[in-house]
Amino acid sequence: MPPAKTDPYMYQTGSAQWIGTRELQNDVVYISNPDPQKGLVVAIADGIGLDQAARKAAGLAISTLREDYEHMASAPDISDQVLRMIGKAQKSVLEWNRSLLSRGELTTGATMACMLIREGRAGIASVGNVRTFLVRSGRILQLNRDHLLNLQEEMSSILAGEVPEIEAKMAMMVTAYIGMEGLKDVDFLQEPVRLQTDDCLLMMSSGLYGVLEEEELIKLAGTGPPGPAAIRVMDQVRRLQGESQSNASLVIVRVSR
Amino acid sequence: MSELLIRMSADTNIGKREDQEDSVNASRPEIQQDVGVLCVVSDGVGGLKNGKEASQLVVDTMVSTFYKSSIGDTPEQILLRGAALAQEAVRGIQKKPGECGATLVAALIRQGRCSFLSIGDSRIYLYRGGSLVLLTRSQNRARRLDVQIGLGYMPEGARTDNKRDALTGYVGMEKLSQADRSSHSFSVGPGDRIALMTDGVFGTLTEDEITEIMGLPEEEVACTMIDRTVEKGNPYQDNCTVAVMDCTLAETEEGGS
């Protein structure tokens, strides 16, 4: 891919998806072309549920986000822009949900993460548990939050001696999603991450969680061209497939000079 | 055989204020191989009473909670319980609800993995591979406005709200509902550094300056950070405090046969 005019870095991308043991693939992935003015956008939406409606919710979220990015004339602040794209996705899926409700049908939604990379920085906004990571110096760091903390509830529980299994709960629950009425819990990076050569950014849906050990993920995803790397990761997930393997999606962005 | 050793240092300055309302505390480093190491920084909320007393209660409560924790407690449980007890302690010295308060940033490293928790607008950074990553999210009006504008709930003009810096979460707040914490612990290794700091530091130094200082020899980082902050000569310089957790390898003796 050609380097951006005002960006000191080049960004190579690769992706892989697997339906798992599900009947439908309800993850939708978007990777834009890198635009020197607008930057590179990567997004994953993971439809909630197992039916066609879940797929449609994820698809609608991504298509709305894509349209907003492609028609954007100027290049606003990175954080403002990712939030706006998430906001547009939320509005379109919510409107669709309301039309479903008016017809007496069940509503649905999607968890989603969106990353914008421009001028050597990465901004991220997310709703729900699509995860983004930075692999740097051989170690991995999750950049976004799965869920925002329900502080009152968790502090009360812990003082009552209930000792909640916080991590297990967090892994299982979706407390916010695109299409949710009254959505408030949107996570975004306080400041876009400043990137450097050899950084690797990963975005993955929940089907990949807990399948690979951290060191194995770093080894498979963190080196070499991102396209084959993403396929290597997914091949290993297939080999380790559990009895109930969710849809799995992965995007890798490699940063170079 | 080599094990990870966490070396801690801290420095503070009153700035141009009449009182020093920042506090810092840490667990004893000699027990870190058994139970880990905790570092805490707190900043008394401006405009409220008894800021120093509140911030000191916060850091002391966090450390005492750490010492009283059980072997089976996870770092996330320890941090959350400490925050809950700190909230009770600060509320306990109030004559009126919410009349005093303090921020809280805490990082706990155990067996090569770091977990953190934050309430308010103090910050935690990870310095890795020569670059900074801001780990925490602030609880302030600015962040709430950014989400509401992104979701389309408020117009763009709301961004210029003159109360953007007002805290929406602090320890001692009457209805404390917001905090930030790591979704999952992350691995740390030799060369990594964690910096906890109050806004008197990052409100004065640029990201480049903080990054440059974080790359200095371990024993120079904290004092240089504060010296450079004060040297900027800001006539309204706030209290400024930084604590640094440096990860390095400790050579241990080989066991005899």
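1. Glu119(A) sits in the loop between strand S4 (110-118) and strand S5 (121-127) of chain A; helices (H or I, at least four residues) and strands (E, at least two) here are DSSP runs, numbered from the N terminus. Glu119(A) isn't a glycine, yet has a positive phi of about 50 degrees. Most residues other than glycine have a negative phi. Glu119(A) counts as partly exposed because it has 16 C-beta neighbours inside 10 Å (buried means 20 or more other C-beta atoms within 10 Å, exposed means 12 or fewer, partly exposed is in between, with C-beta atoms placed from the backbone).

2. A word on the model: it is predicted, so local features need pLDDT of at least 70 and side-chain atom pairs count only at pLDDT 80 or more, while totals for chains, interfaces and linings use all residues. Residues are numbered from 1 along each chain as its sequence is written, and chains are lettered from A and ligands numbered from 1 in the order in which they are written.

3. Chain B has a loop residue to check as well. Gln111(B) lies between strand S4 (104-110) and strand S5 (113-119) of chain B, and has a positive phi of about 45 degrees without being a glycine. With 13 other C-beta atoms within 10 Å, Gln111(B) is partly exposed.

4. Now the sheet in chain B. Five strands make an open sheet in the order S1-S11-S10-S6-S7, with antiparallel pairing (two strands pair if DSSP finds at least two bridges between them). Strand S1 (2-13) and S7 of chain B are the edges, each pairing on one side only. From one strand to the next, the twist averages 20 degrees. S6(B) and strand S10 (residues 193-197) of chain B pair over 5 bridges, and Tyr125(B) has Ala195(B) in S10(B) as its bridge partner.

5. Two helices pack on that sheet. Helix H6 (residues 207-214) of chain B touches S6, S7 and S10 of chain B, its direction making about 120 degrees with that of S7(B). Helix H7 (residues 218-231) of chain B touches S1 and strand S11 (240-251) of chain B, at about 20 degrees to the direction of S1(B). Axes are lines fitted to C-alpha atoms, for helices over the stretch in contact, and angles run from 0 to 180 degrees between N-to-C directions.

6. Last, the interface: 35 residues of chain B are in contact with 35 residues of chain A (C-beta atoms, placed from the backbone, within 7 Å). On the chain B side, H3(B) gives the most, with 7 residues.
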